[in-house]
Amino acid sequence: MQPRRLERAPAQALQRPAARPDGHPQWARDLVAESRAAKDAVAQHEAWRLMREATISRRLHQLMLVGFWPLVARFPDFLALNLLKTSHGRDEAINAARAWLARNLRSETRHAEWYLDWAAALGLARDAVLDGTPPVEMTAIADWCWRVCHAAPLPEAMAATNYAVEGVTGDWVRAVAASEVYRGQFAASERESAMRWLDAHADYDAAHPFEALDIIVRLLGPDPAPGRVAAVRAAVLKSYALYRTALDVAQTCAAAERA
Ligand SMILES: [Fe+2]
């Protein structure tokens with residue numbers, strides 16, 4: 001990518017980017033449309049429905065918390081790996097990515113601890129989460145996020161994590177956090193700490209993933225090579241596929257243990 005040189009970093013490069021899901025170039029709108037089914041397969045997965053309705057088995061509920069712990073715990077690492085790819089000053093798209101990633105990283109400060117609070121309210125001791133050995137199919141998504149953020153260019157890495165993973169997580173979290181029957185299963189004295197991780201992520205603006213896409217569009221420039229667009233699309237689809245695999249395998253394992 002040819003950096004767009006700037007005399008000075010303009011103030012707008014440091015401001016929150018506009019989220020314009022309908023204002024993106026055609027290739028980005030195609031990406032959203034072509035990946036919608038894979039995204040819906042995650043956001044509308046039966047495991048979240050069982051959770052929302054509070055009919056989920058204790059075993060599946062706990063397995064999901066243990067299985068997604070590496071993804072949650074390492075998410076700030078993924079942001080940091082991407083932040084390392086940015087140097088402020090000469091390219092307005094990179095300036096915007098840097099500011100956005102730094103803000104996102106700051107918001108993660110307490111998230112891992114709140115997730116452990118949620119797990120504790122479900123009867124999971126801290127060590128059971130930290131030392132858990134979930135199926136490898138559940139942790140493959142965290143390994144993939146690490147690899148893409150460590151080794152791939154910034155647009156692919158942000159597409160895999162900030163657009164795909166954070167975007168679809170926001171979708172299912174908002175539905176679970178809005179469920180009164182889910183919230184009501186926790187004793188009043190522990191409800192706030194049990195729900196804090198969910199509530200924090202439900203508060204994420206629905207525009208958040210489109211802000212990430214906006215930055216990806218700016219990073220790739222006005223006329224990206226087809227190969228670069230294909231790499232971004234592949235990264236998005238891989239994140240959704242591994243997310244879905246994790247959910248499918250959690251259900252299969254929990255059902256097998258009960259049988
Ligand atoms: Fe978070």
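Tutor: First a term: a crossing is left-handed if the near helix is turned anticlockwise from the far one by less than a right angle, and right-handed if clockwise. This is a predicted model, in which local features need pLDDT of at least 70, side-chain atom pairs count only at pLDDT 80 or more, and totals for chains, interfaces and linings use all residues. Residues are numbered from 1 along each chain as its sequence is written.

Student: Which way does helix 5 cross helix 12, left-handed or right-handed?

Tutor: The crossing of helix 5 with helix 12 is left-handed. Helices here are DSSP runs (H or I, at least four residues), numbered from the N terminus.

Student: At what angle do helix 5 and helix 12 pack?

Tutor: Helix 5 (residues 92-107) and helix 12 (residues 208-220) pack at about 155°, and their axes are 8 Å apart. Axes are lines fitted to C-alpha atoms over the stretch in contact, with angles from 0 to 180 degrees between N-to-C directions. Helix 5 is therefore roughly antiparallel to helix 12, a term for angles over 145 degrees.

Student: New topic: where is Leu242, and why does Leu242 count as buried?

Tutor: Leu242 lies in helix 13. Leu242 counts as buried because it has 24 C-beta neighbours inside 10 Å; the cut-off is 20 or more other C-beta atoms within 10 Å, these atoms being placed from the backbone.

Student: Which residues does Leu242 touch, leaving out those up to four places away in sequence?

Tutor: Leu242 touches Ala140, Ile141 and Trp144, contact meaning C-beta atoms, placed from the backbone, within 7 Å. Ile141 and Trp144 are among the buried residues of helix 8.

Definitions and conventions: Buried ≥ 20, exposed ≤ 12 C-beta atoms within 10 Å, placed from the backbone. Helix = DSSP H or I, 4+ residues; strand = E, 2+ residues; numbered from the N terminus. Parallel < 35°, antiparallel > 145°, perpendicular 65-115°, else oblique. Contact = placed C-beta atoms within 7 Å.
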